[in-house]
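Here is my note on the structure, point by point. Please keep the 3D view open as you read.

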Amino acid sequence: MKYAIALVTGMLIGAALFVAGMYFNPFAEQLTVSPLAVSNDEHINFTYTAVPGETLLYTDHGESIIKTHPDRVAELWEPAVVDTRIAVTLLNNSRGQVAGLGIKFSTDSEQTAIINSKVLVNSTWHIYVPGQGTLLVDQIENYWSYLREVVVPARWSSGDAWKGAFFRIMTRGPGALGTARVTGGNGNFAGISSEAVESLTARAYSATLGPVSMDGGLTITLPQAASGSE
Amino acid sequence: MTYSVQVVDLHREASHISVQANGGNVETFRAELPRDRILVGLAGQENALPAGLKWPGADVFGSLQAELFKIRDRNDVVIGVASRLASASEETGPFIEWVVHLPARGTVYLQMDVAPSAEGHRNGSLTAGTREFETLGGSVREQFITVIEDEDSNVDGRIELITAFVGTLGDEVVPPGDEVGSLDDEE
């Protein structure tokens, strides 16, 4: 009997150490400085609300803690799209004025590996900038830091909420420097190829409602030809 | 165990692809109307979709029309989602474009001709693709097929995107349907 107890205790301690090792992995830190910060190319900077209820439209499979918006939007319940979310949001410039429209498709990635601190999402932005043109931004994002520093503390909190200051670069690829791939569509952006990074700034999160105060940022580099025509 | 157990396992439908006689894989994506329409964003629109949508006025996005759809395969099974942007803006030049996001496969970015062909459909091309579509090039045909139109002009129909993709971005591919007579026979 005592051997069985020792075995079970050892297994529990081992499992706890394993989970703690994954959770507090010191090699899992995400960037807080954009890889594009050292680029000499011109940038476009957009900010947008990352609170689903403040977007023009947000939808998912309909059973998450985050409410779809508006209320009667179609939900993505079919098996092939059940892991996908769509957000349609206004993109603001640095002065807070509306500068574009962004449609973001996000799907959980099969490359997700929690043991490596990778909670990956494949996401695509379809962007329209009035007077400028259209863009496609393709990226892989890592939500590990967001889960560890915002979502899990909110669930552990007795008030089911988290408040603080969180800022991370979410983009992890597919570019070699961890940047997103940008393809120009129409207008001044036609034919361009460049890079982008997306960041997330969180100030409040509810374990029962989802994001409460949260903004996203999207920085897109412009090759000389496109930036010169602005 | 975390190596062997896949945390995310996306659902996959079998792809229905036929091979075009002169090269290229032909695949048909469709959106049934109105049931697959998720969003119609257009300034000044009286009946917003979805109900309660607060779309900006014409002073913000001008004539831009933004639409979202669920996308089905040839067998009527939902396999992805798509956005369609269309604008008659003089500043950017008029455009119509699609982004088709197929979660388990990747995304395609399609630019369409603004003017429809004599047969009533639009031709276009693949501008960029991700993952499975990353190294592909090719063409696409967009066509609207009316199924039922009632006395109140309510239309039931479908939008079809018939793609013909082939390896190596930039290769010329004959628009689907122009080469293969059997394409319509499959429907």
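1. Start with a term. Strands are DSSP runs of E at least two residues long, numbered from the N terminus, and helices are runs of H or I with at least four residues. With that in hand, find Pro174(A): this proline sits in the loop between β8 (171-173) and β9 of chain A. The peptide bond that leads from Gly173(A) into Pro174(A) is cis, with omega near 15°.

2. Keep in mind that this is a predicted model. The scores are ipTM 0.87 and pTM 0.88. For chain B, the average pLDDT is 84, and 83% of the residues score at least 70. One stretch of chain B needs care: over residues 180-187 the pLDDT is below 50. That stretch has 8 contacts in the model beyond near neighbours in sequence.

3. Chain A has another cis bond to look at. It joins His69(A) and Pro70(A), and omega is about -10°. Where is Pro70(A)? Pro70(A) lies in the loop between β2 and β3 of chain A. For background, most peptide bonds are trans.

4. Next, check the backbone angles. Most residues other than glycine have a negative phi. Asp160(A) is not a glycine, yet its phi is positive, about 55°. Look for Asp160(A) in the loop between α2 and β7 of chain A. Is Asp160(A) partly exposed or buried? Asp160(A) counts as partly exposed, because it has 13 C-beta neighbours inside 10 Å, while a buried residue needs 20 or more.

5. Arg131(B) has a positive phi of about 45° and is not a glycine. Its place is the loop between β8 (122-129) and β9 (136-149) of chain B. With 15 other C-beta atoms within 10 Å, Arg131(B) is partly exposed.

6. Now take helix α2 of chain A, residues 144-156. How far apart should its ends be? At 1.5 Å a residue, its 13 residues should span 18 Å. The end C-alpha atoms are 17 Å apart, which agrees. The buried residues of α2(A) are Trp144(A), Ser145(A), Tyr146(A), Val150(A) and Ala154(A). They pack against β6, β7 (161-169) and β10 (193-206) of chain A. An α-helix has 3.6 residues a turn, so residues three or four places apart point the same way.

7. Chain A is divided into domain 1 (1-30) and domain 2 (32-228). Taken over C-alpha atoms, the centres of these two domains of chain A are 34 Å apart.

8. Turn to the place where the chains meet. Here 44 residues of chain A are in contact with 46 residues of chain B. Several strands of chain A each supply at least two residues to its side, among them β3 (84-92), β5 (120-129) and β6 (133-142). Which strand gives the most? That is β4(A), with 6 residues. By class, the chain A side has 22 nonpolar, 15 polar and 7 charged residues.

9. Chain B contains 2 helices and 10 strands. Read from the N terminus, their order is β-β-β-α-β-β-β-β-β-β-β-α. Of its 187 residues, 40% count as buried. Among contacts in chain B with a separation of 6 or more, 46% come from residues 24 or more positions apart.

10. Finish with the core. The largest nonpolar core has 95 residues. Val137(A), Ile220(A), Ile71(B), Val81(B), Val100(B) and Leu110(B) touch the most other members. Follow Ile71(B): leaving aside neighbours within four places in sequence, its contacts include Phe29(B), Ala31(B), Val81(B) and Val100(B).

11. Val77(B) is in the loop between β4 (65-72) and β5 (78-87) of chain B. With 13 other C-beta atoms within 10 Å, Val77(B) is partly exposed. Beyond four places in sequence, Val77(B) is in contact with Glu13(B) and Arg72(B).

Key: Residues are numbered from 1 along each chain as its sequence is written. Chains are lettered from A and ligands numbered from 1 in the order in which they are written. This is a predicted model: local features need pLDDT of at least 70, side-chain atom pairs count only at pLDDT 80 or more; totals for chains, interfaces and linings use all residues. A nonpolar core is a set of buried Ala, Val, Leu, Ile, Met, Phe, Trp, Tyr and Cys residues joined through C-beta atoms within 7 Å. A residue is buried if 20 or more other C-beta atoms lie within 10 Å of its own, exposed if 12 or fewer, and partly exposed in between; C-beta atoms are placed from the backbone. Two residues are in contact if their C-beta atoms, placed from the backbone, lie within 7 Å. Ala, Val, Leu, Ile, Met, Phe, Trp, Tyr, Cys and Pro count as nonpolar, Asp, Glu, Lys and Arg as charged, and the others, Gly among them, as polar. Domain bounds come from an automatic or database domain assignment. The expected span of a helix is 1.5 Å times one less than its number of residues. pLDDT is the predictor's confidence in each residue, from 0 to 100.
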